[in-house]
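Colleague: Could you walk me through reading a few features of a model like this one? I'd like the general idea each time, then the case at hand.

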Amino acid sequence: MEKSVTPRSKKVSNNIPDDVSLSILSKLSLKSLKRFECVCKQWSILFENPYFMNTYRNHIIHTNHSHYDYYDDDDDESLILQHAILIDPVVTPGPTHWSTLYFVSGERFENRFKLNFSLPFQVLGPDVNIVGSTSINGTLCLSNLLDDERNVVLWNPITDEFTVIPPSHVESSPYRTFIAIVHGFGYDHLNDDYKVIRYVEFNSLSFSEIYCRDLSENDPSLDVYEEPVWEIYSLKNHSWKKLDVDMSMVLRPKTGKDLIRFYMDGMCHWWDKIEKDNDGSYFVSFDVSNEVCVTTHMPLEIGDTFDLRSVKRHLVMLNKSIGLISYSEETNTLHVSVLGEIGVKESWTKLFIIGSLPYVDYPVEAGRNGDIFFVKKDGELACFNLDTRTVKELGVEGIMSQMVIYKKKSLLSIRGINK
């Protein structure tokens, strides 16, 4: 009788070649890499490994996030450029400047198409401001900074669909004036809804305002102090409601350049650049679906010994990550850091140091494939590519005030928006 023969199993190696493991790790998110630092000594010093860092930087720059809402394919992304032309009020009475919007595309941004924003102009006037740095399903949220963002509209520049966000009940008091600052426009994926979040402060009426409103100076209602409120507007419900969130997380921009707010991955983010007591500055992330906030402290240092007071910083989206662009006027160097995990200050990691760039005034935005946009000292808009290390000038005259990522193929209408 033949004996059954069981073949001996081959010994399987538990070791993965270093080059293979590093290649795998380079494709992970920064959050996962930070968590894997405790696996072994080699992984704990990944960010000191030049080979790994070059591989990881290339991954950050070139990864096509095709499953995300605003990166569908190579032809899907355009930029909307807003810039203003100064107007001499002596020659032409009225506004001191006039905003213009353009679609910008092409390898060297050579294609430029002027947008007709006559509908938003009728409500907001010439100083139109885009809330955030991306469109959502082809729709932009617009406001007017000169009018304290009292009026807000939603507008699709391709289909020309347009709606005016109605006032809330807090605006109806005859005894107070108010200032509203829009902090974000986002999409609630759980409820298929679009929302606008804002902060409202109230001021006492001046004597002339009391007179114009035909009120008595002795009216007791004039002495009643009204607390500021957070509000959120639901397009689905066509209504505002009060939010119960931390009142200290307010965006207080000194200029339009300081107005940093954007929507990404279900959250609205904003940062006012103001140092908070002795705790440094932080930015706020608001979950549009769950309506809760998380704060993340900004790094106090960006790796060098130069004075942060001479550093101009801008919070951006960098290929679906939150990035911080810092420009040192002392060293003429541009630093790019990426956040690994919202709410964890220690997860900031510096990936790029570029210099010397003596012609930079301040950074303004990040685009696809490592494009960093900045304004030069002569006022011209330019783009530095992190991959090729080359500079492209966009030839924009006037005051560049905003740059927004726009998804051309997202032409889905938002429910409730009518022409």
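Predicted model: local features only at pLDDT ≥ 70, side-chain atom pairs only at ≥ 80, totals over all residues.

Modeller: Residues are numbered from 1 along each chain as its sequence is written, and side-chain values use heavy atoms, with hydrogens and water left out.

Colleague: Fine. Which order do the strands take in the open sheet of four?

Modeller: Strands (E, at least two residues) and helices (H or I, at least four) are DSSP runs numbered from the N terminus, and two strands pair if DSSP finds at least two bridges between them. Here the order is β20-β21-β22-β23, with antiparallel pairing. β20 (360–366) and β23 (391–393) each have a single partner strand, so one side of each has no neighbour in the sheet. The twist averages 30° from one strand to the next; axes for that are lines fitted to C-alpha atoms, for helices over the stretch in contact, with angles from 0 to 180 degrees between N-to-C directions.

Colleague: How many bridges join β21 to β22?

Modeller: Five, between residues 371–376 and residues 381–385. As an example, D371 has N385 in β22 as its bridge partner.

Colleague: And which residues of the largest nonpolar core touch the most other members?

Modeller: A nonpolar core is a set of buried Ala, Val, Leu, Ile, Met, Phe, Trp, Tyr and Cys residues joined through side-chain atoms within 4.5 Å. Buried means under 20% relative accessible area, exposed over 50%, partly exposed in between (1.4 Å probe, protein chains only). Of the 31 residues in this core, C141, F185, V196, W230, L243, W270 and F286 touch the most other members. Several strands each supply at least two residues, including β8 (176–188) and β14 (282–287), while β9 gives the most, with four.

Colleague: Now the loops. Is D265 buried or exposed?

Modeller: D265 counts as exposed, at 55% relative accessibility. This residue sits in the loop between β12 (260–264) and β13 and has a positive phi of about 55° although it is not a glycine. N332, in the loop between β17 (321–328) and β18 (333–339), also isn't a glycine, yet has a positive phi of about 60°.
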